[in-house]
Amino acid sequence: AVMTPLVVGVTSHRDIPAHEVESIRQRVRDFFGRLQSDFPRLPLVVMSALAEGGDQLVAQEALAMGVQLVAPLPLRRDLYAEDFKDPAVHAGFEALCAQARVIELSNFSRGMLDEVGLQGPQRDRQYGQAGVFIARHCHLLLAIWDGKSSDRLGGTAQVVDYFLSGVMPGLIDRRQGARRFQFGASDERLVCQIVCSRAQSDGAPASPLQPGQCVWRTSEHTSPVDAPMPVDFRTMFQHMAEFNDDCRTYRAEMEHHDREPIAGTAPACAIDRLFLAADWLAVHFQKRVLLAMRMIYTLAAVMGVAFNIYDNVPDQDEMIYVFLLLFASGAVLSMIARRRSWHRKYLDYRALAEGLRVQGYWRRVGIALNDDPEFAQDSYLQKQDIELGWTRNVMRAAGLQSMDTTLRGSAQDLREVIRDWVGDATHAGQLDYYTCKAAQRARRHRFTEAVGMASLCIGIGISVLLAVLAHRLSADAKNILVIVMAVFSIVAAVREAYAYRKADKELIKQYRFMQRIFTRARAALDRAAEVAEQRDILLALGDAALTEHAEWTLMQRERQVEHSKF
């Protein structure tokens, strides 16, 4: 089954005083216990570089509690082991590696291998890269830290600062981290700090912190000591758990749904599996939302007719009961849709699917396999509230889980991605999708306008007829004509309100805009002579697609069905 974990990254000082170790162990156990209690449907994954001190301590406690361990090592395992001079620490490192999923982040030429084998700047950069990797792929950072700033590359203070701000001086500068500096962006990065001292002369924690305390940090706020997890983050992680629940609930139906994964004929990775699940769930909840909207707007139209009959036809007092019954039915349907979060899940799962689509195609052509630590999820949907941060968390976890599946990023992969994603004369990709959708929405909009014009003409015609025959028509005939005019007006108004709620006019513009983007991308890809240039075009295309879909999500979140207004 598709399962998204809650990934906890670890950064810690190495020189924790011996007398504080046991209290910190207890804090770590309490931390994991609280996560398992609060989010039982989210499997926990701990990501630790297994350095001496707190890194190994947390890894040991995680394994003892049945938590999966991922160990991104800054160096090749045999080189990294040279850091551990104490035999007991070295033995602990080897024992943890034997129980962990080990990821070696180093990939050196012979000359660079000689450099990192010695203590110095190149080796420090590798430690910094490990910190960046953990910060990029975790959902929550556990920092065993004294709270003091430091300029040591890859040290605990710098990893925390990078996690919250996107900058690590000497490794990731402001230009590279610019995507994170969006003043309207949601503050969705959370650090749990367990305060410790350091075994040195000035090793006391930053005032007013005391060893053993626990605080939550974001880029803007620090919680009181021992406060519970901030509510916004609890909600975000609950949405991740709901996604896992929905994947389990509809697993059988998904397995019978014939959809081609992003990887095409290559072995499917976590990104592919999550994309298929999110795409299926988005369509499923979209159908429920559309059904609820159609039923509610139909009820609204019938309510209007019933009230007009009650108002204009004698001896039809029972119509007021029909009116009230229809209103109550609409209220119940709206309440069911709201309580089961159909609209939110439809938008969230569609946003997740589109993000995974881009992430998967980029990875397949090798764009996500280079040295740039920027990933699609880091700039996606930043205008949204923090709740939608869970979609980026799923993308981070998918990227981490997919690292075991090797994709070459060959010229053949590139041709297949262009065919599947953009499309060509023989294969319908996104270009064909947006072309068809734009035409479909345009036809619906023309129908809505035609209904409105017909209603206007009928209303004017009946008004003229009533004026000309004012003294010849009976009261009953006048009432019938008024009801007919009201029925057409109600139908036109409800149809227009339904089209507004679905954002037909705005979607026509967006679909045509995306059609132009993919048309230009197709033309640029056809002109490109080199593979590197085609990758650059696909990178720009993915950025444009993510930006436009974020705008679509923002617009649709404001148009959910509200019973009080229908």
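**View 1. A nonpolar patch on the surface, formed by Met453, Leu456, Ile460, Val464 and Val468.** In this predicted model, the five side chains named in the title expose together about 490 Å² of accessible area, a value from the Shrake-Rupley method with a 1.4 Å probe, for which only the protein chains shown count as cover of residues. Patches are made of residues with over 30% relative accessible area and no salt bridge, with like charges joined within 9 Å and nonpolar side chains (Val, Leu, Ile, Met, Phe, Trp, Tyr) within 5 Å; a salt bridge is a side-chain nitrogen of Lys or Arg within 4 Å of a carboxyl oxygen of Asp or Glu. Val464 lies in helix α15 (residues 430–468), where helices (H or I, at least four residues) and strands (E, at least two) are DSSP runs numbered from the N terminus. Val464 counts as partly exposed because its relative accessibility is 47%, given that buried means under 20% relative accessible area, exposed over 50%, and partly exposed in between (1.4 Å probe, protein chains only).

**View 2. The largest nonpolar core, with 143 residues.** A nonpolar core is a set of buried Ala, Val, Leu, Ile, Met, Phe, Trp, Tyr and Cys residues joined through side-chain atoms within 4.5 Å. Phe237, Phe243 and Leu538 have the most contacts inside this core, and its largest share, 16 residues, comes from helix α10 (residues 270–312). Leaving aside residues up to four places away in sequence, Phe237 touches Leu6, Phe39, Leu42, His139, Leu140, Met229 and Asn393, where contact means heavy atoms within 4.5 Å.

View 3. Zero disulfides, that is, pairs of cysteine sulfur atoms within 2.5 Å, turn up in a search of the whole structure.

**View 4. Val167 in the loop between α7 (156–165) and β6 (190–195).** Although Val167 is placed in a loop, Val167 counts as buried, because its relative accessibility is 14%. The C-alpha atoms of Val167 and Val132 are separated by 9.5 Å, while these residues are 35 residues apart along the chain.

**Notes to the views.** Residues are numbered from 1 along each chain as its sequence is written, and side-chain values use heavy atoms, with hydrogens and water left out. As this is a predicted model, local features need pLDDT of at least 70 and side-chain atom pairs count only at pLDDT 80 or more, whereas totals for chains, interfaces and linings use all residues.
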